[in-house]
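Open the structure in your viewer and keep the selection tool at hand. Each stop below says what to select and what is there.

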Amino acid sequence: MKKSVPLVVGNWKLNPVTLKEAIALGAAVAKKHKKAEEPCVAIAPPFPYLSDVGKKISKSSVSLAAQDVYFKNIGAHTGEVSVLQLKDLGVKYVIIGHSERRAMGETDEEVKQKTQITLKHLLTPIVCVGERERDELGNFFSFVESQLRNLSEVFTSIQIKKVVIAYEPIWAIGTGNTATADDVKEMQLFIESVLTKLYDRPTAKNVRLIYGGSVKPDNARTLQSEGGMNGFLVGGASLKAEDFASIIKAVS
Ligand code: PGA
């Protein structure tokens with residue numbers, strides 16, 4: 001996956017509540033993105049729908065993504081889903097460390113292990129980072145830095161280039177409070193400077209960064225053209241095929 005090609009991922013979270021609706025939504029997204037090669041597009045339905053939605057989109061250029069993964073492959077782990085199972089269903093991307101999972105207790109260590117196992121089985125991890133709130137002193141920068149440092153403890157330069165970093169400020173998720181294009185640009189430069197420090201400049205330039213947090217059809221174009229990142233992780237707006245299609249169009 002070339003970093004220069006934008007990536008737009010729809011995170012359906014705990015929606016919809018029936019398989020029928022999920023299949024209809026998957027079909028509608030696939031219909032709108034049949035053959036286009038750019039940007040890369042993926043949807044992340046809840047686990048129970050992956051198989052059916054996957055079949056529905058299989059002839060389109062939309063890929064399948066998962067919202068989480070467990071860090072063990074097999075065994076006595078009630079309620080968990082392994083990367084081998086996801087791979088078997090045709091999943092290409094795995095969202096890891098979403099703030100909604102971190103809020104339920106997911107630790108940096110787990111994020112690392114989940115990323116590790118995802119890379120090992122050649123799926124693309126989308127690792128979420130982002131601060132809970134912005135403060136005048138700019139402490140949120142060191143917060144994001146610590147999340148990146150956590151990854152650099154185990155991943156080589158070659159590995160980190162295969163990871164997508166999704167900057168998702170928690171205050172912007174599902175709130176309608178989108179970060180401004182300036183905020184996003186500032187964070188893009190900051191993340192690149194941290195990755196330069198932790199690795200080197202060519203590595204930093206080759207890690208794909210995407211933005212998430214109240215991305216909508218009406219702000220996507222500006223965020224994409226001025227924000228400096230290359231694509232989006234979209235929650236709420238990915239539940240309407242029309243809106244999701246407008247966002248995809250805005251980055252094309
Ligand atoms: P939102 O969610 O677009 O509804 O803010 C983004 C996310 O949580 O990935």
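The tour goes from the ligand to a loop and then to a pair of helices.

This is a predicted model, in which local features need pLDDT of at least 70 and side-chain atom pairs count only at pLDDT 80 or more, while totals for chains, interfaces and linings use all residues. Residues are numbered from 1 along each chain as its sequence is written, and side-chain values use heavy atoms, with hydrogens and water left out.

Now show polar contacts (pairs of N or O atoms within 3.5 Å). A polar side-chain atom of Lys 13 is 2.6 Å from a ligand oxygen atom, and one of Glu 168 is 2.7 Å from a ligand oxygen atom. At Gly 236, a polar backbone atom lies 2.9 Å from an oxygen atom of the ligand.

Next, select the loop between β1 (7-11) and α1 (19-32); helices (H or I, at least four residues) and strands (E, at least two) are DSSP runs, numbered from the N terminus. Lys 13 lies in this loop and has a positive phi of about 50 degrees, although it is not a glycine. Pro 16 is also there, joined to Asn 15 by a cis peptide bond with omega about -15 degrees. Most residues other than glycine have a negative phi, and most peptide bonds are trans.

Last, select helix α10 (residues 217-227) and helix α11 (residues 241-251). Their axes (lines fitted to C-alpha atoms over the stretch in contact, with angles from 0 to 180 degrees between N-to-C directions) are 8 Å apart, at an angle of about 20 degrees. That makes α10 roughly parallel to α11 (angles under 35 degrees count as such).

Key. A polar contact is a pair of N or O atoms within 3.5 Å; within protein, one must be able to donate a hydrogen and the other to accept it, and residues adjacent in sequence count only if both atoms are side-chain atoms. Angles under 35 degrees count as roughly parallel, over 145 as roughly antiparallel, 65 to 115 as roughly perpendicular and the rest as oblique.
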